[in-house]
Amino acid sequence: MKLRAISIDDDPTSILMVKQLAEKTDNLELVNTYQDAVKGAAGIILDRPDILFLDIEMPEFNGIEIMRSLIKPPKIIVISGNPNFKDKALELNAVSFISKPPEETEFKKAVDKVRDIFNQELANA
């Protein structure tokens, strides 16, 4: 099963890192990236990803606000430079919290966790 993903992060270096990690991860397609949080929030609806790689600290609309605004959210993997947001992100049902800069093993482990959730949901359907 190929998982579709998008990334929302105001830092172009972080977006580039997610792109590179996604390319190294089997059965993961990064279909879009957004440096603007408002456009990214709209992109969740337009792109219909399975996974959302989400930063927290962004101007205008932060990742916590995005998480709270979603009615049927994709599986969310938070990638943030601020560990103080970990508990809040997990409380809002993020699957994983990865500290910046993301490491390949952590990234793949988080994607595998999402894949396991999807497989379990399929088995229970």
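Strand S1 is joined to strand S2 (residues 28–34) by six bridges, and the two run parallel. The model is predicted: local features require pLDDT of at least 70, side-chain atom pairs count only at pLDDT 80 or more, and totals for chains, interfaces and linings use all residues. Residues are numbered from 1 along each chain as its sequence is written, and side-chain values use heavy atoms, with hydrogens and water left out. Helices (H or I, at least four residues) and strands (E, at least two) are DSSP runs, numbered from the N terminus. Strands pair if DSSP finds at least two bridges between them.

From S1 the chain crosses through helix H1 (residues 12–23) to S2, in a right-handed β-α-β crossover. Right-handed here means that, with the strands pointing away from the viewer, the path from the first strand over the helix to the second runs clockwise. S1 also runs parallel to strand S3 (residues 51–54), to which four bridges join it. Isoleucine 51 in S3 is the bridge partner of alanine 5. Five of the six residues of S1 (residues 3–8) are buried, so the strand is largely enclosed by the rest of the structure. Buried denotes under 20% relative accessible area, exposed over 50%, and partly exposed in between (1.4 Å probe, protein chains only).

Helix H2 (residues 37–47) has the buried residues Ala37, Gly40, Ala41, Gly43, Ile44 and Asp47. Seen down the H2 axis, these fall within an arc of 155 degrees, so they line one face of the helix. The arc is taken over the directions from the helix axis to the C-beta atoms. The buried residues of H2 pack against S1, S2, S3 and helix H3 (63–69), where contact means heavy atoms within 4.5 Å. Exposed Lys39, Ile45 and Leu46 sit on the face turned away from the buried side of H2. Aspartate 36 caps the N-terminal end of H2, with a side-chain oxygen 2.9 Å from the backbone nitrogen of valine 38. After H2 comes arginine 48, with a positive phi near 45 degrees.

Serine 96 lies in strand S5 (residues 96–99). Its relative accessible area is 11%, so serine 96 is buried. Not counting residues up to four places away in sequence, serine 96 touches Ile76, Ile77, Val78, Leu90, Ala110 and Lys113. Isoleucine 117, in helix H5 (residues 104–124), is partly exposed at 25% relative accessibility.

Terms used. A polar contact is a pair of N or O atoms within 3.5 Å; within protein, one must be able to donate a hydrogen and the other to accept it, and residues adjacent in sequence count only if both atoms are side-chain atoms.
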